[in-house]
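Please look through the model below before reading my points. They are written for someone new to structures and can be checked one at a time.

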Amino acid sequence: QSTPRRVYAWFLLVYRVCLVLATLGYVVMLSSFFMAPLVLRLLPPYVAVLGTVLLFYGLYFGVLSRDIADMCTSYMASTLG
């Protein structure tokens with residue numbers, strides 16, 4: 001009986017981590033485009049790339065974990081009855 005709870009808790013944790021990654025990447029990317037030339041003046045060129053990578057990894061693994069959670073819930077529903 002505790003297996004569905006563990007599965008849902010695991011996928012909720014993965015979802016939240018991916019959400020934080022995507023949000024952090026979005027904020028870093030926007031700040032490097034808009035605020036960095038005004039505020040920091042000297043920003044390494046890889047910061048925009050880092051923001052883009054974080055954004056896309058967060059989105060990719062978020063969608064992937066959502067699809068895997070859907071497959072797991074379908075399997076558990078058919079197995080448990």
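**Notes on the model**

1. A nonpolar patch on the surface is formed by Y46, V49, V53, Y57, Y60, F61, L64, I68 and M71, which together have about 920 Å² of accessible area. Patches are made of residues with over 30% relative accessible area and no salt bridge; nonpolar side chains (Val, Leu, Ile, Met, Phe, Trp, Tyr) are joined within 5 Å, and like charges within 9 Å. A salt bridge is a side-chain nitrogen of Lys or Arg within 4 Å of a carboxyl oxygen of Asp or Glu. Accessible areas come from the Shrake-Rupley method with a 1.4 Å probe, and for residues only the protein chains shown count as cover.

2. This is a predicted model, in which local features need pLDDT of at least 70 and side-chain atom pairs count only at pLDDT 80 or more, while totals for chains, interfaces and linings use all residues. Residues are numbered from 1 along each chain as its sequence is written, and side-chain values use heavy atoms, leaving out hydrogens and water.

3. The chain has two helices and zero strands. Both terms refer to DSSP runs numbered from the N terminus: helices are H or I, at least four residues, and strands are E, at least two. S32 is in helix α1 (residues 3–39), and Y57 is in helix α2 (residues 46–80).

4. Y57, Y60 and F61 belong to one aromatic cluster. The structure holds two aromatic pairs. Y60 and F61 form an edge-to-face pair, at 5.1 Å centre to centre and 75 degrees between the planes. (Rings of Phe, Tyr and Trp, the last by its six-membered ring, pair if their centres lie within 6.5 Å; planes under 30 degrees apart are stacked, over 60 edge-to-face, and the rest tilted.)

5. (Buried means under 20% relative accessible area, exposed over 50%, and partly exposed in between, with a 1.4 Å probe and protein chains only.)

6. G25 lies in helix α1 and counts as buried because its relative accessibility is 0%. Leaving aside neighbours within four places in sequence, G25 is in contact (heavy atoms within 4.5 Å) with G51, L54 and L55. G25 and L55 are 30 residues apart in sequence, yet 4.3 Å apart in space, C-alpha to C-alpha.

7. S32 is buried, at 11% relative accessibility. A polar atom of the S32 side chain lies 2.8 Å from the backbone oxygen of M29.

8. For the chain as a whole, 25% of the 81 residues count as buried.

Methods: A polar contact is a pair of N or O atoms within 3.5 Å; within protein, one must be able to donate a hydrogen and the other to accept it, and residues adjacent in sequence count only if both atoms are side-chain atoms.
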